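Colleague: I am new to this structure and would like to learn how to read it. Could you walk me through it, beginning with the surface?

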Amino acid sequence: KKKPPQKPVPTSSSASSSSSSQEPKVKIMLRVGQDEAKPVMMGLKKPFSALKTMWCNQQGYKETDVTFQFDGDTLSLSETPEDQDIEGGEIIDVKIKKGVKPQESLKKKPPQKPVPTSSSASSSSSSQEPKVKIMLRVGQDEAKPVMMGLKKPFSALKTMWCNQQGYKETDVTFQFDGDTLSLSETPEDQDIEGGEIIDVKIKKGVKPQESLKKKPPQKPVPTSSSSSSSSSSSSSSSSSSSSLSSSSSSSSSTATSLLNPPSTMPIRTQAALPDPTVSPSTQGVPIEVKIIYRNKGTRLKVLNGAPLQVVFNGFIQAKKISDAIRLKAYLMFEGKEIDLSQSAAALGIVGKSCLLLKTRK
């Protein structure tokens, strides 16, 4: 009898590394007291006990002195982000026992990855990152476009702008939809698709200083040999001027479409009777509202005379919220719970209003 050859059993290290690399991850914001929340990437199916152990090792605390809270409730360490329907950007509060201070002896640094030596690796990764157009507006001036990485924090955009204009970063704040932007967030966190306006607010009386301006590195100037070769090719370029002019018109139309991108949010209609309190001339007027759920806003469109149950159902479907949470969820506007059978106009809700999605305990 001859036994068939057995396949090699994968080691625990290789199996864990391959499974961890394939596991989807989610961004979680950890907040200690009144400090600014800091982002941490975590596996969607990884228990919160792993996150707590990692944080305590980095900061120098005993795990028995620390608790994690989410939406005001203490987190079960056996649960995962998937169990809590966490999609990304939600805030978890870190609560430390009174009088407890971090100890250097408890700090454990994670193993560092080898730093790549070639500069081409960093440049290639940055070039592959998807970018989005953002319009920066200062006061009443015309908004100017800036290209930014979709996953790059707004702190990088603020640093770049202040260096170009000659301002201290402490004298400048960025606002989006009237709210101050968190510099740790990214355009992806704010659902920015392209063409949105960010307002630059400067402290009163503060003026730019030439000494603070930092010019970006300039491209090398072509040598005389390259300029002579370019002059010799000028005759051929003149013959193709007609084709270039036709292509420039098409590119200008493309630029216009970038500045005014089409809305990807469908107008959700419903087969219900019109609201008698709304004027017939405004029954079918669409308005845009922003629903905030777990510190993250999403814009949706709804007809002015349609019941708000429509936009509520649309949000639940778009975010794939579980039935367990949907049954406990409700909308609030200006501190009061909304009757979803009424229309936006009947409740005084206008365009760009913010609604808050809450869940009952």
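Modeller: Gladly! The protein exposes about 23,700 Å², and carbon and sulfur atoms supply 54% of that area. Do keep in mind that this is a predicted model.

Colleague: What percentage of the residues count as buried, and how many helices and strands are there?

Modeller: Of the 361 residues, 30% count as buried. The protein has nine helices and 16 strands. Among contacts with a separation of 6 or more, 63% link residues 24 or more positions apart.

Colleague: How do I read a sheet, and what is the strand order in the open sheet of five strands?

Modeller: In general, strands of a sheet pair through backbone hydrogen bonds, either parallel or antiparallel. Here the order is E7-E6-E10-E8-E9, with mixed pairing. Strand E7 (144–149) and strand E9 (179–180) are the edge strands, each pairing on one side only.

Colleague: Which helix packs on that sheet?

Modeller: Helix H4 (residues 154–165) does, touching strand E6 (131–138), E7, E8 and strand E10 (197–202). The direction of H4 makes about 130 degrees with that of E8.

Colleague: And how many bridges join E8 to E9?

Modeller: Two bridges join strand E8 (residues 172–176) to E9, and these strands run antiparallel. Look for Gln175, which stands opposite Thr180 in E9.

Technical notes:
Residues are numbered from 1 along each chain as its sequence is written. This is a predicted model: local features need pLDDT of at least 70, side-chain atom pairs count only at pLDDT 80 or more; totals for chains, interfaces and linings use all residues. Side-chain values use heavy atoms; hydrogens and water are left out. Two strands pair if DSSP finds at least two bridges between them. Helices (H or I, at least four residues) and strands (E, at least two) are DSSP runs, numbered from the N terminus. Contact means heavy atoms within 4.5 Å. Axes are lines fitted to C-alpha atoms, for helices over the stretch in contact, and angles run from 0 to 180 degrees between N-to-C directions. Buried means under 20% relative accessible area, exposed over 50%, partly exposed in between (1.4 Å probe, protein chains only). Accessible areas come from the Shrake-Rupley method with a 1.4 Å probe; for residues, only the protein chains shown count as cover.
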